[in-house]
Amino acid sequence: MEIKLPNSDKDFIESLIPQKFPFVMVSGLVEYSENHLISEFVIKEDNIFVNENTFQTSGLIEHQAQSVALHTGYKYFLLGKESPTGYIGAIKSFEAESLPQIGDALKSEVTIINEMMGVTLVEISTKINDKVIAKSQMKTVVK
């Protein structure tokens, strides 16, 4: 199967991450390289992390973590392997300038800093309309 980027095919995106509806917080894969990924996610009214029209901090963190999972899943897809399950191992830092609202389109950039023995250290920056709204650094662990 030939896949072109950017890609927002729901079934394809969901095949790359371990989460399933209603817990999916990524809806598009814009760019990919060995140490980099850009993901997208549009906030919808029925999202489980929406409260009073606002996407909560916990949803932003989950979106960022799933963006890392999307990177891993796409890497495994390119290798012809099944995507592994991963977990947030540690959140070193997280800072939110503002919280998204229903209808906002998030674009998150993942930069792989270091990857060793199933542990990945990443920096993530999330934007709305080219304005950074959240940044984090976390470790994820592949099962």
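A: Rings of Phe, Tyr and Trp, the last by its six-membered ring, count as a pair if their centres lie within 6.5 Å; planes under 30 degrees apart make the pair stacked, planes over 60 make it edge-to-face, and the rest are tilted. By this rule there are seven aromatic pairs in this structure, which is a predicted model. A pair of aromatic rings is described by the distance of the centres and the angle of the planes.

Take F23 and F49 to begin with. Their ring centres are 5.6 Å apart and the planes stand at 55°, so this pair is tilted. The two residues belong to distant parts of the chain, 26 residues apart: F23 sits in the loop between α1 and β1 (28–33), and F49 in the loop between β2 and β3 (50–51). F23 has a relative accessible area of 31% and is partly exposed. F49, with a relative accessible area of 15%, is buried, since the limit for that class is under 20%.

The pair of F41 and F55 has its centres 6.0 Å apart and its planes at 45°, so it is tilted. Because F41 lies in strand β2 and F55 in strand β4 (residues 54–55), the pair ties together parts that are 14 residues apart in sequence. F41 is buried, its relative accessible area being 6%. F55 is also buried, with a value of 0%.

Aromatic residues are also found in a cluster: F12, Y32, Y74 and F77 form one such group.

F41 leads on to the pockets. The largest pocket has a volume of about 400 Å³. Its lining is made up of 15 residues, and those nearest the centre are K10, F21, V24, F41 and K44. F41 is thus a member of a tilted pair with F55 and one of the lining residues nearest the pocket centre. Both α1 (10–15) and β2 (36–42) supply at least two residues of this lining. The largest share, three residues, comes from α1. Sorted by class, the lining has eight nonpolar, three polar and four charged residues.

The second largest pocket holds about 190 Å³ of space. It is lined by 16 residues, with Q19, A65, A69, G86 and Y87 closest to its centre. Here α2 (57–78), β5 (86–96) and β8 (131–142) each supply at least two residues. The largest share of this lining is six residues, from α2. By class there are nine nonpolar residues, six polar and one charged.

Leaving aside neighbours within four places in sequence, K143 is in contact with T85, G86 and Y87. K143 lies in the segment after β8 and counts as exposed, at 72% relative accessibility. The C-alpha atoms of K143 and V68 are separated by 14 Å, the two residues being 75 apart along the chain.

The backbone comes next. Most residues other than glycine have a negative phi, and most peptide bonds are trans. The peptide bond from F21 to P22 is cis, with omega near 5°. F21 is also among the residues nearest the centre of the largest pocket, while P22 is placed in the loop between α1 and β1. Another cis peptide bond runs from L5 to P6, with omega near 0°; P6 is found in the segment before α1.

For E52, a residue other than glycine, phi is near 50°. E52 is located in the loop between β3 and β4, and its relative accessibility of 70% makes it exposed. Phi of N129 is likewise positive, near 50°, and N129 is not a glycine. N129 belongs to the loop between β7 (119–128) and β8. At a relative accessible area of 73%, N129 is exposed; the class begins over 50%.

To return to the ring pairs: F23 with F49 is tilted, with planes at 55°, and F41 with F55 is tilted, with planes at 45°.

Key:
Residues are numbered from 1 along each chain as its sequence is written. This is a predicted model: local features need pLDDT of at least 70, side-chain atom pairs count only at pLDDT 80 or more; totals for chains, interfaces and linings use all residues. Side-chain values use heavy atoms; hydrogens and water are left out. On a 1 Å grid over the protein atoms alone, a cavity is a set of points where a 1.4 Å probe fits but cannot get out, and a pocket is an open set with protein on both sides within 12 Å along at least five of seven lines; lining residues have an atom within 4 Å of a point. Grid points are joined across faces, edges and corners, and a volume is the space filled by probe spheres set on the points. Helices (H or I, at least four residues) and strands (E, at least two) are DSSP runs, numbered from the N terminus. Ala, Val, Leu, Ile, Met, Phe, Trp, Tyr, Cys and Pro count as nonpolar, Asp, Glu, Lys and Arg as charged, and the others, Gly among them, as polar. Buried means under 20% relative accessible area, exposed over 50%, partly exposed in between (1.4 Å probe, protein chains only). Contact means heavy atoms within 4.5 Å.
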